[in-house]
Amino acid sequence: MAALLHSVRKLSNVPVLVACAALFVLMVMTFCDVILRSIFNAPIEAATELTRILMAILVFAVLPVVSARNDHIAVDLTDGLFARYRLSHIRDGLIFIGSGLMLYWPIKRVWVLAERARDYGDVTEYLAIPQFYVGWFITVFAALAAVAMIVTGLLHFFAPHLLTERRA
C-alpha cells in the first residue's frame with residue numbers, strides 16, 4: 001500500500017507540471033499582448049479566449065493534488081476543540097468524504113454542459129477550438145479530485161500513518 005501511495009504521489013506531479021506550463025504560457029502571452037498592444041497597437045486577438053482556457057486548465061489541473069494534500073484554504077475555528085478531544089482525524093475524514101461526494105453534482109452538471117456544447121458544435125470565437133474539450137477537462141479533473149478526497153478521507157479513518165510523507 002505504501003508503494004502504491006508513493007507511486008501516486010510521484011504521478012501527481014504530472015498535473016502540477018501541466019498547470020505550470022499553462023501558467024507559463026499565460027504569462028508569456030499576456031506579456032506579448034501588452035507589448036504588442038502598447039507599442040504596435042496590434043493586440044493578440046485570441047488572448048481573451050486563450051486566457052479563459054488556460055485559467056481553466058490551471059485551476060482544475062491542480063484541484064486533485066490540492067485536495068489530496070489538504071493544501072486548500074481552511075478556517076480553523078474549531079481545531080482546538082477537536083484536538084482536545086482527539087477527534088481531528090474523524091472530522092477530517094468526514095469532511096474529505098463529504099466534500100468528495102458533494103462534487104458529484106458539479107461534475108454531473110459540467111458533463112451535461114460539455115455534451116451540450118459538443119452536440120451544438122460550439123467553438124471559441126477566434127481559434128475555433130471546440131468548447132466541449134474544456135468541459136471534459138474540467139469534468140475529468142473534478143472527478144479525480146472527488147476520488148482523491150474520498151480516498152484521503154478513508155485513509156484518515158483506516159490508515160492515517162500513510163498520510164504523512166516521509167522525506168529521505
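In the predicted model, arginine 91 forms a salt bridge with aspartate 79, and the closest N and O atoms are 2.8 Å apart. The two residues come from separate helices. Arginine 91 belongs to helix H5 (residues 88–102), whereas aspartate 79 belongs to helix H4 (residues 79–84), so the pair ties together parts that are 12 residues apart in sequence. Arginine 91 has a relative accessibility of 16% and counts as buried, because the cut-off for burial is under 20%. Aspartate 79 is partly exposed, with a relative accessible area of 33%.

A further salt bridge joins the side chains of glutamate 115 and arginine 118, at 2.5 Å from N to O. Both residues sit in helix H6 (residues 104–120). They are 3 residues apart, so about one helical turn separates them. Glutamate 115 counts as buried, at 16% relative accessibility. Arginine 118 reaches 40% and is classed as partly exposed. Elsewhere, salt bridges with shared partners join Asp79, Arg91 and Asp92 into one network.

Aspartate 33 is buried, with 10% relative accessible area. Arginine 37 is partly exposed, at 44%. The count of salt bridges in the model comes to 4.

Helix packing was examined for H2 and its partner H1. Helix H1 (residues 2–11) packs with H2 at an angle of about 10 degrees, and their axes are 5 Å apart. Angles under 35 degrees count as roughly parallel, and H1 and H2 are therefore roughly parallel to each other. On the H1 side, the contact is made by Arg9, Lys10 and Leu11. On the H2 side, Asn13, Val14 and Pro15 take part. By residue class, the contact of H1 with H2 divides into 3 nonpolar, 1 polar and 2 charged residues.

How values were computed: Residues numbered from 1 in each chain as written. Predicted model: local features only at pLDDT ≥ 70, side-chain atom pairs only at ≥ 80, totals over all residues. Heavy atoms only, no water. Buried < 20%, exposed > 50% of the residue type's maximum accessible area, 1.4 Å probe, protein only. Helix = DSSP H or I, 4+ residues; strand = E, 2+ residues; numbered from the N terminus. Axes fitted to C-alpha atoms, helices over the stretch in contact; angles between N-to-C directions. Parallel < 35°, antiparallel > 145°, perpendicular 65-115°, else oblique. Contact = heavy atoms within 4.5 Å. Nonpolar A, V, L, I, M, F, W, Y, C, P; charged D, E, K, R; others polar.
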